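This briefing covers a ligand site and one residue of a protein chain. Please have the sequence and the structure open while reading.

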Amino acid sequence: MNKVQIVEVGPRDGFQNLKDYIPVETKLKVIDDLIEAGVKSMQHTSFVSPKAIPQLRDAGEITKILLEKYPAYDFFALVPNLYGARKAYELGLRKVSYVVSLSASHNKANINRTHDESFAELKTIMDNYKDLDVCVDVATTFGCPFEGKYSTDTVLRFLDRIAKMGVKEMSLADTIGIANPKQVREIVTAAVKKFPEIEFQVHIHDTRNMGMVNTLTAIESGITKVQSTLGGLGGCPFAPGASGNTATEDLAYMLSDMGYETGIDVDKLIEAAKYEKSIISGNFSGHIVNIQKGTQCIN
Ligand code: COA
Ligand code: ZN
């Protein structure tokens, strides 16, 4: 049976984009529910400026609680710079995703850095914290709100620059949900072929209702770790037009129905999504929670 690991990024990508602050206990309940449903890996927060992302100002508190409660769990946090990596490391976290955009203009808008500055800081992080796993989140891989789309060669050149630094894991992000399946197939196939030593993930937004098909295309092109968010929350406040990710519960349902092994209990995940829906206003875009048991039309 084919195995696919679903990596939940909702507590970071989803919550960062909500207007009303979600209290720590509520965030923790959502995280508990996801773990209970069998989700094995999670981006649980980000260590970024609270001025940029006020919703995640509780990153330290949440991280401390989770590391104590689930010491062996695969938690990781997004960091934009050395400052964030240091904070995460000092709290005991040993995995981060370091965000850098393929788009120089989005990199500037999002984290106020040039590419050279971002790469220099990545090197410092890797030199200073040898036992920190660093996955590079390559934002705007499939297109940028300011610069448009990139050729596969341009993408590969950028990935090559990251790979040459000794990075072992990368997440290819469709930050503004602009990819199409042909493009995903082309880029993912080429990346997997050119960098066999790298473990790739995809991070797909569903802005144009192509989240599921693009995620599935990435899987069929050789990727076995895919990111998604419970309830399809998500969006980058610094990328105009960005909206939610592929919904985890919908994705888990589809993959399980197709015979992929995800290790997730889909019914429990749907309950988790229903709880999440009850505690946020708007933004929720998952589909499967709307189906009442026993009311499906057979034909
Ligand atoms: N976490 C918390 N605070 C941070 C920080 C971090 N990782 N990095 C910097 N800061 C603080 C500094 O201490 C400083 O605080 P002060 O104003 O109280 O002195 C302030 O932020 C400005 O520091 P500076 O280094 O000049 O940063 P900046 O203004 O150039 O902003 C980032 C750079 C990266 C901190 C900011 O753009 C950011 O947090 N972006 C995150 C964007 C994001 O999360 N996008 C969505 C996910 S892709
Ligand atoms: Zn995202």
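**Ligand 1 and its contacts**

In this predicted model, an N or O atom in the side chain of K51 is 3.0 Å from an oxygen atom of ligand 1.

Polar contacts of ligand 1
- A nitrogen atom of ligand 1 lies 3.0 Å from a backbone N or O atom of F47.
- N110 places a polar side-chain atom 2.8 Å from a nitrogen atom of ligand 1.

Burial and pocket
- Ligand 1 exposes 920 Å² when taken alone, and the protein buries 68% of that area.
- The largest pocket is the space taken by ligand 1.

Shell around ligand 1
- Helix 4 (82-90) and helix 5 (104-111) are the elements that each give two or more residues to the shell around ligand 1.
- Ligand 1 is surrounded by 18 residues, and the closest of these are F47, S49, N81, N110 and N112.
- Sorted by class, this shell holds nine nonpolar, six polar and three charged residues.

Residue S281
- S281 is found in the segment after helix 11 (266-279).
- The relative accessible area of S281 is 53%, so S281 counts as exposed, the cut-off being over 50%.
- The side chains of S281 and D20 make a polar contact at 3.5 Å.
- From C-alpha to C-alpha, S281 and A104 are 34 Å apart in space; in sequence, 177 residues separate S281 and A104.

Methods:
Residues numbered from 1 in each chain as written. Chains lettered and ligands numbered in written order. Predicted model: local features only at pLDDT ≥ 70, side-chain atom pairs only at ≥ 80, totals over all residues. Heavy atoms only, no water. Helix = DSSP H or I, 4+ residues; strand = E, 2+ residues; numbered from the N terminus. Buried < 20%, exposed > 50% of the residue type's maximum accessible area, 1.4 Å probe, protein only. Polar contact = N/O pair within 3.5 Å; in protein donor to acceptor, adjacent residues only side chain to side chain. Near = heavy atom within 4 Å. Areas by Shrake-Rupley, 256 points an atom, 1.4 Å probe, with all protein chains shown as cover. 1 Å grid on protein atoms, 1.4 Å probe; cavity = no way out; pocket = protein on both sides within 12 Å on 5 of 7 lines; lining within 4 Å. Sits in = over half its atoms within 2 Å of the grid points. Nonpolar A, V, L, I, M, F, W, Y, C, P; charged D, E, K, R; others polar.
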